[in-house]
Amino acid sequence: MAQSSTCFSVYVALYFVVITLPAFIFATPAHSTSNAQPLLQPYDFLFYSGVRAYFNEDWGKAAELLEKSILAKESLFRVRRKCHDACGSAGKEALDRLDSERGNLWDLLALDWLQKKAECLRFCIGRWVTPTGQLPVSVDIEYEFSSRNPYNFLQVTYYKLEKFQKAASAAHTFFIANPSHLEMRNNIEKYRRMEGVTQEDFQDREIGNEKHWVLYDAAVHHEASSDWAPAAETWKACVNETLHQTEECRVQCEVASQALPEDRGAGSVFEKAAALSLSLLACRQYCVTQVAMRPGRISAHEDFLPSQLEHLHIAQFKAGDISGAVQTLRTLLLFYPSDKNSLDNLQLYSETLGGAAETEATTPNQDIVSYISQSLQEKKLLYFGMENFDFNFVDPDLWTPEDVVPESLRDRWRAEKEKLNEKLKEGDWQEEVDDSGFYAGGPVPQVGVTIAMDNELLNGTNRVVLDGVMTEEECGRILHLANAAGSAGDGYKGRRSPHTPHETFEGLTVLRAAKLAQDGLLNQTDARLLYELGERVRTLLESYFRSPSGLFMSFTHLVCRSATAGDQEGRLDLSHPVHVDNCLLEPDTRQCWREQPAFIHRDLSAVLYLNDNFDGGDLFFTSRDAKTVTARVSPSCGRLVGFSSGPVNPHGVTAVTSGRRCALALWFTKERPYRDMEREEAEALWDMDKQVKSDEEEEAKSAGNARSQARQQKRESRGRVTGARDEL
Ligand SMILES: O=C(O)CCC(=O)C(=O)O
Ligand SMILES: [Fe+2]
């Protein structure tokens, strides 16, 4: 466009004014509508009416109105998208003439274009939506919907209406965005137990807006199992879906009704137009954050799109799609043109392909090329606005090149970027919050037990070291059990060296100890002690972590790690690699996926140490990068480490280079259905023994008939004892 730069910025300002102009016009009564379809009601009004019906306990009405409000919101967004597309070329003739027109007509032509566009959008939206339905909703309503509160109301409503499948789905949808909502967790548990409710009923009703997260998770899964071709395909789909979601969000910024920025009185019409255009541009830019925010998380995934490209080119390379990998790298370089790793990789790929010429012929993804150039233009205008109009804008991207930022703002911009980078390095932007519901610092209800290290000394959240939990004599008895009964690999699906070839692992569970004791192979009281230690630890940690609900034992095993003979010199590996107990840690992105094969039902972890006569074998905690060690604990008899099992507590064990390190590892769950059934079997076994003994005494007292039939039956049934299983 042949305009001077000042004219250009004014023109851009006006360009955006008109796109949002219909919003204000639409507050007036709608034009006549020819379509027979009823017009869309305002979703905030429907929601409020639904909530009113809810509090009046008019459940049928509440369900109807709440459902309608959800539907109305979805439809409104669809209408806006449709009208945006339908009005894409409205007023274009005027725009086309801008380039050729001589003289001072450019402003009139621009205004002509604006009016045509406005008129088109006004007419289009008015055909579908009532005038009140076009007004902006309040911040409160936006919050209600973004935190999925309508589903919370719906969950109770459907429960009251005894529509349990719908209640389960509403509960699940709400819970995804509110994962620390304990009450909903309990409700979900209740629905799970209900007859007629199946796993399929737990549908996420908002999944349509989360397709990119579904793809993201699937891609990470393929990657974790080194399935490179499907990983590449899925990452590609994820990139496309992320772009699509971002575009959807940006379109809404343009067509949605927006409140006018605060009118500061003085200022030409151009200045006001500029203020409006800046708020529109900022809205578009913030879509990056919105799309990168997983439901239920408090911070967005930084550098979301570039990081996906990073995964994609590696997957393509590993899958043998070198030219695909080159194309992705070239796209990634658009974000970070001088990134050394990307340039090195490009060189590598180019050598694999057989020369630079081949790689140069590969062009970057065109959708991303235009996304970047659009975004950069927006950033330039926003920074100009920041410099000249007292406008505040926080850039959501890490890749913004320095030259886009005006000289006068650069120092501040650099300092903020530096701060963010520091935070990302430390990982504390994600680690400060533990949504487990535990809160360290409660009382320690056992005489003789002392707090050796707390959160502060352990540099973390919900971590503790307690000393004096066992006496030397008790450690000796449990070590004796381990020596007498430890079966190779127990607890690790029979693998003798699950983590490192330089050590062997032996384990013993409570049930196995109980059975061996019953057969006379172990001392009965020692086997009982193994069981009782679990109870002791539960009491201590439930209290210290102020657990909001009772904890159930989820799994216990006594595990010994022994250094193998020879081969120990200069070992760099770990006895137990860094991991998080209830999710799959992805150190690169600092994400932790609470999904299988992780033990997702573990809420609290504990390790009770039995000895210190070995070398190495320290437990250590790290930040989410799995590298930065934040605390170290050396085992000794009676020392208990307790910590919440989630992403705030990545941990590992250093190599055991000589001797044998034994510990009782215990995990607790808040969810009854995931309690350790074996423990109950052991209890049942002991109960039965008690019964048999008292029967024997009875019999001895009576006529002395050698073996009563009843006793015989009891003895026989021992071998098939299953314990009192919960119906779930
Ligand atoms: O033995 C230890 O100190 C920790 C073991 C551990 O982290 C685990 O088994 O998950
Ligand atoms: Fe662990």
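This is a predicted model: local features need pLDDT of at least 70, side-chain atom pairs count only at pLDDT 80 or more; totals for chains, interfaces and linings use all residues.

Q: Okay, which protein residues are donors of the iron ion, ligand 2?
A: There are His-579 and His-651, each through NE2, and Asp-581 through OD. They lie 2.1 to 2.2 Å from the iron ion.

Q: What spacing do the donors follow along the chain?
A: The spacing is H-x1-D-x69-H.

Q: And which parts of the chain does the His-579 and His-651 pair tie together?
A: His-579 sits in strand E6 and His-651 in strand E14. Those parts are 72 residues apart in sequence, so the pair links them.

Q: Switching to ligand 1. What surrounds it?
A: The shell includes Arg-561, His-576, Val-607, Tyr-609, Leu-619 and Trp-667. His-579, Asp-581 and His-651 are in it too.

Q: How does that shell divide into nonpolar, polar and charged?
A: It has 5 nonpolar, 3 polar and 3 charged residues.

Q: Which strands each supply at least two of the shell residues?
A: Strands E6 (574-579), E9, E14 (651-654) and E15 (656-669) do.

Q: How far is the His-651 side chain from an oxygen atom of ligand 1?
A: An N or O atom of that side chain is 2.9 Å from the ligand oxygen. For His-579, the distance to an oxygen atom of ligand 1 is 3.0 Å. For a polar side-chain atom of Asp-581 it is 3.3 Å.

Q: How much of ligand 1 does the protein bury?
A: The protein buries 95% of the 290 Å² that ligand 1 exposes when taken alone.

Q: New topic: where is Trp-228?
A: Trp-228 is in helix H11, which covers residues 228-255.

Q: What does Trp-228 touch, leaving out residues up to four places away in sequence?
A: It touches Glu-223, Ala-315, Lys-318 and Ala-319. Trp-228 and Ala-319 are 91 residues apart in sequence. In space, their C-alpha atoms are 4.9 Å apart.

Q: Last thing, confidence. What does the protein chain average?
A: The mean pLDDT is 82, and 82% of the residues score at least 70.

Q: Where is confidence lowest, and where is it highest?
A: It is lowest in helix H1, residues 5-25, with a mean of 35. It is highest in strand E9, residues 604-609, at 98.

Q: Over which residues does pLDDT stay under 50?
A: Residues 1-35 are one such stretch. Residues 488-494 are another.

Q: What ipTM and pTM does the predictor give the complex?
A: The ipTM is 0.99 and the pTM is 0.59.

Technical notes
Residues are numbered from 1 along each chain as its sequence is written. Chains are lettered from A and ligands numbered from 1 in the order in which they are written. Side-chain values use heavy atoms; hydrogens and water are left out. pLDDT is the predictor's confidence in each residue, from 0 to 100. Helices (H or I, at least four residues) and strands (E, at least two) are DSSP runs, numbered from the N terminus. Contact means heavy atoms within 4.5 Å. A residue is near a molecule or strand if one of its heavy atoms lies within 4 Å of it. A polar contact is a pair of N or O atoms within 3.5 Å; within protein, one must be able to donate a hydrogen and the other to accept it, and residues adjacent in sequence count only if both atoms are side-chain atoms. Accessible areas come from the Shrake-Rupley method with a 1.4 Å probe; for residues, only the protein chains shown count as cover. Ala, Val, Leu, Ile, Met, Phe, Trp, Tyr, Cys and Pro count as nonpolar, Asp, Glu, Lys and Arg as charged, and the others, Gly among them, as polar. Donors are N, O and S atoms within 2.8 Å of the metal (3.2 Å for Na, K and Ca); water is not among the atoms, so sites may look incomplete.
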